[in-house]
Structure formats: structure tokens, C-alpha cells
Amino acid sequence: MCELFGVTANRRVKINDLLKRFFEHSTEHRNGWGLAFLDDNSVSIEKEPVKASDSLYLRNRLTGRIETSRCMAHIRKATVGEVSFDNTHPFTKRDEAGRIWVLVHNGTIFESPILSAYQYKQIGTTDSERILLYIVDQMNKHYVSELNGFDANERIKLIEKIIKRLAPENKLNIMLYDGDYFYVHKNEKETLYMSEHSGSVIFSTHPLQKEGWVEVPQNQLLVYKDGLLVHRGDKHEFDYVQTEEKTKLLYLGFASL
């Protein structure tokens with residue numbers, strides 16, 4: 001599986017050391033790395049379909065001071081989709097309201113017929129990209145049906161409905177950004193942690209320091225605005241549990257890459 005890293009804060013924070021520790025995990029997640037900086041109403045994506053520790057670009061990037069108030073990072077261990085630039089996270093898509101969405105995903109979609117049609121619309125071949133296309137498509141439909149009156153609270157409610165729609169039988173650890181709000185969700189135990197410090201929240205698949213990290217709540221959408229929790233969704237019952245059958249499916253998918 002992949003690993004996730006995220007930051008949401010009320011100020012710019014220096015994250016070089018955290019990113020270095022995070023990208024050290026690329027020994028086990030060698031199929032690509034990516035960074036998304038989400039500052040000042042703009043999105044900047046940097047990514048390569050190579051092991052992070054082998055990337056000269058990333059090594060040089062981390063030597064300079066990196067400060068941000070909103071960021072996502074990803075290291076990929078491919079399960080669905082070949083190793084390529086188009087299959088490397090983060091993924092971005094602009095909706096009809098002009099809003100740019102950014103997504104990183106750790107998991108696999110085993111059961112979800114509603115995503116099948118997006119394999120003919122996506123650029124790459126990952127299930128993760130299909131999740132983002134579905135989200136944006138749903139946003140567009142509601143934006144048009146509400147005569148452009150689709151506000152922030154309705155966006156959050158719709159994301160929560162989509163999460164509950166996709167979570168059954170699937171591992172859905174995701175971070176999502178819509179230009180205003182930072183969404184976090186996990187449904188497998190002990191696969192995402194968080195560290196809060198006076199107006200900033202750091203997320204990582206594994207704790208990056210010895211102290212100060214707690215597990216992200218299970219099966220519950222968390223929504224942040226500049227480091228502040230503004231919405232805690234209702235808990236659902238769709239825990240993801242790795243079974244022998246799913247392990248075989250993952251192995252077969254990985255072996256075919």
C-alpha cells in the first residue's frame with residue numbers, strides 16, 4: 001500500500017525534517033513520489049514515477065527551506081495501474097465552479113461499480129484517480145442543479161455521502177483539498193496518525209516522531225480550515241480489514257505491473 005503525509009495550519013510551518021523522514025519510507029514504497037503545495041489559492045504539484053530515495057530532484061528540493069500552511073505528500077506502492085507519471089499521486093481536477101480539487105489515496109477499491117465508467121475518462125489507470133473524477137463529477141451535478149448556489153456546508157455534506165458510498169469493502173484512506181477545506185478519512189486501523197501543535201495539524205501513515213502522535217479517528221470524515229477542525233462527520237461502520245482473499249487480489253495486481 002501507499003503512504004500519506006499532510007499539513008493544514010494557520011501559518012507557514014517548516015516541514016523539511018518531517019518530509020525527509022516520510023520519504024525515507026520509499027524503500028517499501030518505490031513506485032513514485034509526489035508533493036502538492038496548496039498555498040495562497042494556488043496548487044503546485046511536483047511528482048515523479050521513481051523511488052523517492054533515487055530522485056535527484058527531490059533530494060535537491062529537500063535541501064532548501066520548505067515552509068507551507070497546506071501540503072500533501074505521497075509515496076506509492078502500486079496495486080492498481082502501472083508505474084507511470086499519470087498514475088503518480090497527487091491527482092488534481094478542476095470543477096465547473098472553477099475550484100481545483102487535489103487528492104491522495106492510500107488503499108484499493110475492490111468493490112465500486114459507480115467508479116467503473118471513469119476508467120474511460122481518466123488520464124491514467126488508477127482507482128485513486130477514478131475516486132477524484134467521481135467526486136468532481138458529483139460536485140458539478142450539484143453545482144448545476146442548485147443554480148450555482150452550492151455552498152461550503154453542502155460540499156462537506158456531499159463529500160461525507162461519497163465517503164460512505166465508497167467505503168464498503170474498500171480501503172479508503174484519503175486526503176482531499178478543495179481550495180478551502182482539507183478533508184481526511186481512514187477506515188483501516190493503525191494506518192493514519194496525526195500530531196497537533198497550536199494551530200497546525202500534521203498527518204502521516206506512520207508517526208514521524210517518537211512522541212505527540214495519535215491515531216486519526218476511524219471511519220469518520222474530518223474537515224479542517226487552516227489547522228482548525230470545522231467538521232467531524234458521523235461515524236460509519238465500514239471498517240476495512242485485510243483478508244486473505246484481498247491479499248491475493250493485491251498480489252495478483254502488483255505482479256501484473
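Let's start with one of the sheets: six strands line up in an open, antiparallel arrangement, in the order S5-S6-S7-S8-S12-S13. Strands here are DSSP runs of E with at least two residues, helices are DSSP runs of H or I with at least four residues, and both are numbered from the N terminus. Two strands count as paired if DSSP finds at least two bridges between them. At the edges stand S5 and strand S13 (228-232), each with a single partner strand, so one side of each has no neighbour in the sheet. From one strand to the next, the twist averages 20 degrees.

Before going on, a word on the ground rules. This is a predicted model, in which local features need pLDDT of at least 70 and side-chain atom pairs count only at pLDDT 80 or more, while totals for chains, interfaces and linings use all residues. Residues are numbered from 1 along each chain as its sequence is written, and side-chain values use heavy atoms, with hydrogens and water left out.

Helix H4 (residues 152-166) lies across S6, S7, strand S8 (182-185), S12 and S13, and runs at about 25 degrees to S8.

Is phenylalanine 91 buried or exposed? Phenylalanine 91 has a relative accessible area of 5%, so it counts as buried; the cut-offs are under 20% for buried, over 50% for exposed and partly exposed in between, using a 1.4 Å probe and protein chains only. Leaving aside residues up to four places away in sequence, phenylalanine 91 touches Asp86, Trp101, Val102, Leu103, Thr126, Ser128, Glu129 and Leu132, where a contact means heavy atoms within 4.5 Å. Lysine 186 is 95 residues from phenylalanine 91 along the chain, and their C-alpha atoms are separated by 18 Å.

Now for the other sheet. Seven strands form it, open again and with antiparallel pairing, in the order S3-S2-S4-S1-S10-S9-S11. Strand S3 (44-48) and strand S11 (214-215) take the edges with a single partner strand each, which means that one side of each is left without a neighbour in the sheet. Helix H1 (residues 16-23) packs on the sheet, touching S1, strand S2 (33-37), S4 and S10, and its direction makes about 5 degrees with that of S4. Helix H2 (residues 56-63) also packs on the sheet, where it touches S2 and S3, with its direction at about 40 degrees to that of S2.

Glycine 6 takes part in both: it stands opposite methionine 72 in S4, and its bridge partner in S10 is phenylalanine 203. Strand S9 (residues 193-197) is joined to S10 by five bridges, again antiparallel, and serine 195 pairs there with isoleucine 202.

What about disulfides? The count is zero, a disulfide being a pair of cysteine sulfur atoms within 2.5 Å. The sulfur of cysteine 2 has its closest cysteine sulfur in cysteine 71, 16 Å away, so a bond is out of reach. Cysteine 2 is buried at 9% relative accessibility, and cysteine 71 is buried at 0%.

Finally, zoom out. The protein has five helices and 13 strands, and its C-alpha atoms fill a box of roughly 50 × 45 × 30 Å along the principal axes. Buried residues make up 53% of the 257 residues. Of the contacts with a separation of 6 or more, 67% are between residues 24 or more positions apart.

Terms used
Axes fitted to C-alpha atoms, helices over the stretch in contact; angles between N-to-C directions.
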